[in-house]
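Please keep the sequence and the coordinates at hand while reading.

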Amino acid sequence: MTTPAGSGTGFGSVSWWGLSPALDLQAESPPVDPDLREDTEHTTPELDVLLVGSVDGRHLLRTLARAALWPRRRLHVSRDCGVGGERRMKFYVLENNLEAVARHMLIFSLALEEPEKMGLQERSETFLEVWGNALLRPQVAAFVRAQADRLARLVPEPHRLAEQLPWLSLSALKFRERDALEAVFRFWAGGEKGPEVFPMSRLWDSRLRHYLGSRYDARRGVSDWDLHMKLHDRGARVIHTREFRRWRDTGVAFELRDSSAYHVPNRTLASGRLLSYHGERVATRGYWGDIATGPFMAFGIEADDESLLRTSNGQPVKTASEITQHNVTELFREVAAWRRPTANHGTPEQVHGEGPGSPERAAPSPEFTVHFLPLGSAQTLHHKSCYEGRFQLLYVACGMVHLLSPDLGACVAPGGHLIVELARYLVDLRQEQLQGFSARVGELAQAAGFTPQNQDRPSETFARFYKSGDSACLRSHAAVQSTTPPPGALVPPSVQSATPPPGALAPPSVQSTTPPPVQSATPPPDALVPPLEARNPPPEGLTQPSEGKTPPSERLKLPSESRASLSEVQAPPTGSQTPKPESLPRLPDTQPPISDL
């Protein structure tokens with residue numbers, strides 16, 4: 001069996017990293033009146049951002065790293081929605097599985113670690129390995145276990161969580177989701193010992209064999225073709241053949257030490273799922289992530305330092321791994337520099353209010369907060385008055401485009417912006433499918449009350465829209481006219497809900513107590529291309545950022561791009577445990593918690 005081009009099976013059903021460059025969300029938000037910038041702290045409005053499917057926190061990290069270049073925002077007093085508090089920037093993150101939420105927490109706790117506890121180089125290297133490698137060094141695996149154990153103890157205790165991680169809020173999550181989140185951290189912490197619990201190398205090879213089929217023996221040629229004829233042609237020329245081939249073969253994208261040092265499975269890439277096995281529903285854990293594109297897009301194909309993108313004799317002088325390491329190190333350096341004044345000084349009450357009776361100084365109030373929303377809440381947020389018309393910016397990843405609707409659009413304030421990630425770097429998609437997807441994105445955005453931004457240089461990576469003032473009036477009309485779109489025109493095959501193939505299950509001994517991710521029904525692979533009338537190229541100016549949105553302090557070179565999503569598979573049990581294809585029916589859209597089995 002040979003996997004046909006355009007099937008999209010290489011992207012799995014769970015996304016662990018972004019497949020497009022990181023964005024500065026302040027640069028993408030509605031512009032601030034230049035006349036008001038003189039009195040910045042009192043006149044620059046607060047920022048509320050909703051991110052649907054951002055998966056790896058890259059946009060938040062870049063936004064925080066660039067925060068010092070922008071006017072300080074007005075203090076935000078939250079409306080009562082269970083997520084109160086006074087912050088200048090609030091980010092609301094909506095994912096479709098709890099493992100992604102757990103990775104967000106781990107990544108941010110690492111990025112915001114005190115410099116005295118972990119040096120800058122060690123932090124950036126640890127981040128890259130945890131974020132993009134299937135196998136870890138023993139030292140990094142020990143760090144993951146320690147952090148996971150700490151987070152597992154903090155999740156059930158909101159007061160301790162607020163004291164130690166004041167930038168994080170889980171108050172919007174349901175209690176069962178918090179319990180499941182704790183179970184994820186317990187698994188990462190090594191409650192189940194031994195590499196056989198999560199045999200990553202075997203799971204990766206099984207995914208690769210199923211994806212390539214009869215082309216498996218020629219996998220090096222396939223990876224070279226995908227790299228040179230697809231990714232390079234679409235703008236990712238800095239990815240080197242050697243690093244891309246190594247990642248395709250082993251799952252190790254960032255080899256910062258000798259290759260023999262990477263042998264511990266990265267448990268943060270495991271996800272749970274309910275599957276049918278001999279007529280019974282079995283909880284199993286495996287790898288359903290990306291095996292086609294790789295984690296190089298988020299930080300590795302663009303750089304503010306243009307010397308990193310220099311070419312010699314037509315070849316880039318730096319690889320994507322080197323550019324990624326440089327960019328991540330600079331991000332962490334800028335975030336630490338931005339947070340240092342607040343950490344040192346805090347508010348006047350915190351600095352001068354210490355007295356003999358004060359045992360220790362209170363932690364300074366953070367400038368931002370990351371709120372995690374319940375799984376599957378995209379279509380119900382507008383029912384709460386605190387979310388309706390609240391957000392100045394809405395970001396939707398390409399794997400979550402099917403959630404873009406008038407109901408979700410109602411959460412964006414008039415004049416707010418919408419950014420939709422396109423499927424540019426999904427190597428399994430043909431050019432006509434990419435064009436069809438872009439056209440469909442435009443239709444969904446306009447049905448949700450958004451208008452394309454007029455840009456001189458349209459982007460192939462993001463579609464950008466804005467919400468006009470009368471969009472609220474059009475919402476009811478759009479809701480009446482917009483029925484459920486035909487299957488296939490909504491999302492790329494990367495979010496398909498296909499039944500795992502034979503050999504896709506981890507052994508029954510590798511069963512999880514963690515509920516599986518909430519998934520949505522998705523069309524078959526060939527359904528991506530919409531009807532003929534929707535195949536026209538996207539209208540002029542559909543996808544480029546607004547001009548002139550740079551911080552006043554210096555000219556900021558914005559990245560042009562942001563994530564993708566997936567189609568599902570896993571890795572094989574041994575011997576007679578392999579289920580037959582007919583024994584694996586399609587799973588329901590929303591799977592019940594394992595405790596209900």
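Is W131 buried or exposed? At 0% relative accessibility, W131 counts as buried, where buried means under 20% relative accessible area, exposed over 50% and partly exposed in between, with a 1.4 Å probe and protein chains only. The model is predicted, so local features need pLDDT of at least 70 and side-chain atom pairs count only at pLDDT 80 or more, while totals for chains, interfaces and linings use all residues. Residues are numbered from 1 along each chain as its sequence is written, and side-chain values use heavy atoms, with hydrogens and water left out.

The structure holds 16 aromatic pairs; rings of Phe, Tyr and Trp (its six-membered ring) pair if their centres lie within 6.5 Å, and planes under 30 degrees apart count as stacked, over 60 as edge-to-face and the rest as tilted. One of these pairs, F108 with W167, is tilted, at 5.7 Å centre to centre and 35° between the planes. F108 belongs to helix α4 (residues 98-111) and W167 to the loop between α7 (158-164) and β6 (168-169), so this pair ties together parts that are 59 residues apart in sequence. Helices (H or I, at least four residues) and strands (E, at least two) are DSSP runs, numbered from the N terminus. Both F108 and W167 are buried.

W131 and F254 form a stacked pair, with 6.0 Å centre to centre and 15° between the planes. Because W131 lies in helix α5 (residues 120-132) and F254 in the loop between α11 (241-250) and β7 (264-265), the pair ties together parts that are 123 residues apart in sequence. F254 counts as buried, at 1% relative accessibility. W131 and F254 also belong to one aromatic cluster with F127, F296, F299 and F332.

Not counting residues up to four places away in sequence, F127 touches L61, I107, L110, F299, V328 and F332, contact meaning heavy atoms within 4.5 Å.

The sheet comes next. Eight strands form an open sheet with mixed pairing, in the order β6-β12-β4-β1-β13-β14-β16-β15; two strands pair if DSSP finds at least two bridges between them. β6 and β15 (450-452) stand at the edges, each with a single partner strand, so one side of each is left without a neighbour in the sheet. β15 pairs with β16 (residues 462-467) in the antiparallel sense over 3 bridges, and T451 has Y466 in β16 as its bridge partner. Helix α3 (residues 58-65) packs on the sheet, touching β1 (47-52), β4 (89-94), β12 (368-372), β13 (391-396) and β14 (412-421).

In β4, 6 of the 6 residues are buried, so this strand is largely enclosed by the rest of the structure. In a regular strand the side chains alternate between the two faces of the sheet. Both faces of β4 are covered, with M89, F91 and V93 buried on one side and K90, Y92 and L94 buried on the other. β4 runs parallel to β1, joined by 6 bridges, and V49 stands opposite F91. β4 also runs parallel to β12, joined by 5 bridges, and V93 stands opposite F372 in β12.

Terms used
Axes are lines fitted to C-alpha atoms, for helices over the stretch in contact, and angles run from 0 to 180 degrees between N-to-C directions.
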